[in-house]
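Here is a walk through a structure, taken one piece at a time. Have a look at the sequence and the model first, and then read on.

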Amino acid sequence: MNKRQKRMLARILLAAALLLALSFTSITGWMRFVLYLVPYLVIGYDILLKAFKGIKNRQVFDENFLMAVATVGAIALALYEQSGDYTEAIAVMLFYQVGEWFQSYAVGKSRRNISDLMDIRPDYANLERDGQLERLDPDEVEIGSVIVVQPGEKVPIDGVVLEGSSSLNTSALTGESLPRDVGEGDEIISGCINMTGLLKIKTTKEFGESTVSKILDLVENASSRKSKSEDFISKFARVYTPAVCYAALALAILPPLVRMLGLGLPADWGTWVYRALTFLVISCPCALVISIPLSFFAGIGGASKAGVLVKGSNYLETLSQTKIVVFDKTGTLTQGVFEVNGIHHSEMENSKLVEYAALAESASSHPISRSLQRAYGREIDRSRVTDIQEISGNGVIAKVDGVSVAVGNGKLMDRLEIPYIPCHSVGTIIHMAIDGKYAGHIVISDIVKPHAKQAIQALKESGIHKTVMLTGDAKRVADQVAETLGLDQVYSELLPAGKVEKVEELLQSRSEKEKLAFVGDGINDAPVLSRADIGIAMGAMGSDAAIEAADVVLMDDDPLKIAKAIKISRKCLRIVYQNIVFAIGVKLLCLALGAFGIANMWLAIFADVGVMILAVLNAIRALFVKNL
Amino acid sequence: MKKTYKIDVDCANCANKMEEAARKTEGVKSATVNFMTLKMIVEFLENHDPQTVMQQVRKNCKRVESDCEVYL
């Protein structure tokens, strides 16, 4: 509780005690009025003041004004009718303040809850200088410094391990509870907790550019991108309050006039003014206005806990309407860790062929070229490679030791008009031509991720109509993967531009309400990620490009998280709609009951505060995502 | 140019009103108030000085909601 909340609580208790004490006295007349004025002012002075300021600034229809008019009106009515029943007005003010207090408390609490969830911000970095450890603000550590992370500490900055080996707890980043082992030479990301051994790390980024800063920034700003539901509510609130105020005015004036002039009955002003005042109490849109952003905030917080970063409330909304999921193959459904499985028809020694291939591909970051480099197994001397020419979707032509080497698929060989021998193995076939002559091919194959099949299954169970796979890979490989995983459609041998085209086609053939999600590994999928209704990047730990281009970022490689993310978003949106329907429904019902004189002010204020409390509690439910 | 400011406000509807007020201020291209994180993100029009624009934004916010603060 902060200071303001404590002071408010004291005022609430004091006013309640005074009101209770006064109810046992039997003073009448003016003295009674003066005595009852004390608790009223204790609980409501700030509201009256704000209402007055609002009128002065021509901002009439705010909830302060409503409460002020309703309560002052009720007191005036009690004076006019000489009933001496001031309790009602004071109680309305009291409960209104209780509601406000609860709201402020709940919001503060969930703010803290969510920042605790994302408690990955490192407070310091241990810098090694002349054999001494120095504790510094991570912001002050320069690139290339050597920092020391002791067991139990958070890794503050991205870097490479220089010395030591340890297990890392990445659960705050990925939601994954299995520790990850690192050793010398491994890249390490900030935000992980070092569990067992001492690590010396050479930093490769500044703190502000490190994974942990980027993630924190992203999550903190996520709820600033507002969803359609939020926009709807703020527009609704702007119309609703004035509308109810005018309705109240009409209710106070018209029926008595009609009774008096039209029906010849007594005007009965008191009853109708009272009903109008009840209207005013119901007209506060608080429950709606607070519970909707709170639901999204909690939903985004819950998702980050599960290792799913959602960049905005609007994306959470779109995600919940997803009906078509389009996958990239490599790195998304498959490991993207290719291995050289065979070398056929080679004219030279196998290792020599791999060496040529690895050197020619040395400039590319494509998984295939990385696997070639791994198969080569030695340090790559880039000075041996010149004139590198990358032909997108075909391969690479380069000069290695002055000899022209072409490395790529069948299309590259066709392009160079070199006859080649097709391969019967399933996998990616890398044809090689050296000095213009065919030199054999290397078979590289990829492994399907362990959860990929389950992931597709889970998506189908959660109501996804269509799963599609797009890949630049050969038809045979693609078809085989699609069949193992049970995908509905597959498009293979696509160039990067072809993927965008296919997504456009899919976008046109679906109805407006079925949203299309594209899932990629974020390295070469940026254009498709941004073209889809919602772009999901996988395995983004450390990949800046993915965090930039995608709308939803899955922190680990597990495709099962896609279904989880969709379920989280649906739960959140379900809560949002529940709150909208519940709050508006109860308000309209109370307005109707109030107009016919069935609901009095007591019921009105309970409806108002009660609905708000229930809506806030419901909103907080969005935070719990574990069992989805 | 986009800048983020810390704000203090007690109710969600007031935050919406502040957003509305900030948007209507001259020199502001777009404004978003995030009630949950208590932040105001303002994008300024070109050739307007953020400093002076923000003074006005703060004044306008105070007018619609007396009990708020924008930390400049």
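**A walk through the two chains**

Let's begin with A:Leu198, which counts as partly exposed because 14 C-beta neighbours lie inside 10 Å. The scale is simple: with C-beta atoms placed from the backbone, a residue is buried if 20 or more other C-beta atoms lie within 10 Å of its own, exposed if 12 or fewer, and partly exposed in between. Before going further, note that this is a predicted model, in which local features need pLDDT of at least 70 and side-chain atom pairs count only at pLDDT 80 or more, while totals for chains, interfaces and linings use all residues. Residues are numbered from 1 along each chain as its sequence is written, and chains are lettered from A and ligands numbered from 1 in the order in which they are written.

You'll find A:Leu198 in the loop between strand 8 (193–194) and strand 9 (199–203) of chain A. Helices (H or I, at least four residues) and strands (E, at least two) are DSSP runs, numbered from the N terminus. Leaving aside neighbours within four places in sequence, A:Leu198 is in contact with A:Val148, A:Gln150, A:Pro151 and A:Gly164. Contact here says that two C-beta atoms, placed from the backbone, lie within 7 Å. A:Glu153 is 45 residues from A:Leu198 in sequence, and their C-alpha atoms are 9.7 Å apart in space.

Next comes A:Ser165, in the loop between strand 4 (159–163) and strand 5 (166–169) of chain A. With 14 other C-beta atoms within 10 Å, A:Ser165 is partly exposed. Not counting residues up to four places away in sequence, A:Ser165 touches A:Val182, A:Gly183, A:Glu184 and A:Gly197. From A:Ser165 to A:Val219 there are 54 residues in sequence and 31 Å in space, C-alpha to C-alpha.

Now for the helices of chain A. The axes of helix 7 (residues 228–262) and helix 9 (residues 286–305) of chain A come within 10 Å and cross at roughly 170°. These axes are lines fitted to C-alpha atoms, for helices over the stretch in contact, and the angles run from 0 to 180 degrees between N-to-C directions. That crossing makes helix 7 of chain A roughly antiparallel to helix 9 of chain A; angles under 35 degrees count as roughly parallel, over 145 as roughly antiparallel, 65 to 115 as roughly perpendicular and the rest as oblique. On the helix 7 side, A:Ser229, A:Glu230, A:Ile233, A:Phe236 and A:Ala237 meet A:Leu288, A:Val289, A:Ile292, A:Pro293 and A:Phe296 of helix 9. By class, this contact of helix 7 with helix 9 of chain A has 8 nonpolar, 1 polar and 1 charged residues. Ala, Val, Leu, Ile, Met, Phe, Trp, Tyr, Cys and Pro count as nonpolar, Asp, Glu, Lys and Arg as charged, and the others, Gly among them, as polar.

How does helix 9 of chain A sit in the rest of the structure? Of its 20 residues, 19 are buried, so helix 9 of chain A is largely enclosed by the rest of the structure. Just after helix 9 of chain A, A:Gly307 takes a positive phi of about 85°.

What does each chain bring to the contact between them? Chain A gives 20 residues and chain B gives 15 residues. On the side of chain A that touches chain B, helix 9 of chain A gives the most, with 6 residues. That side has 8 nonpolar, 6 polar and 6 charged residues by class.

Over in chain B, look at helix 2 (residues 50–64). Its buried residues are B:Met54, B:Val57, B:Arg58, B:Asn60, B:Cys61 and B:Val64. They cover an arc of only 170° around the axis, which puts them on the same side of helix 2 of chain B; the arc is that of the directions from the helix axis to the C-beta atoms. On the other side of helix 2 of chain B, B:Gln51, B:Thr52 and B:Lys59 are exposed. What covers the buried residues of helix 2 of chain B includes helix 1 (12–24), strand 2 (28–34), strand 3 (39–44) and strand 4 (69–71) of chain B.

Last stop: B:Asn47, in the loop between strand 3 and helix 2 of chain B. B:Asn47 is exposed, with 6 other C-beta atoms within 10 Å, and has a positive phi of about 45° although it is not a glycine.
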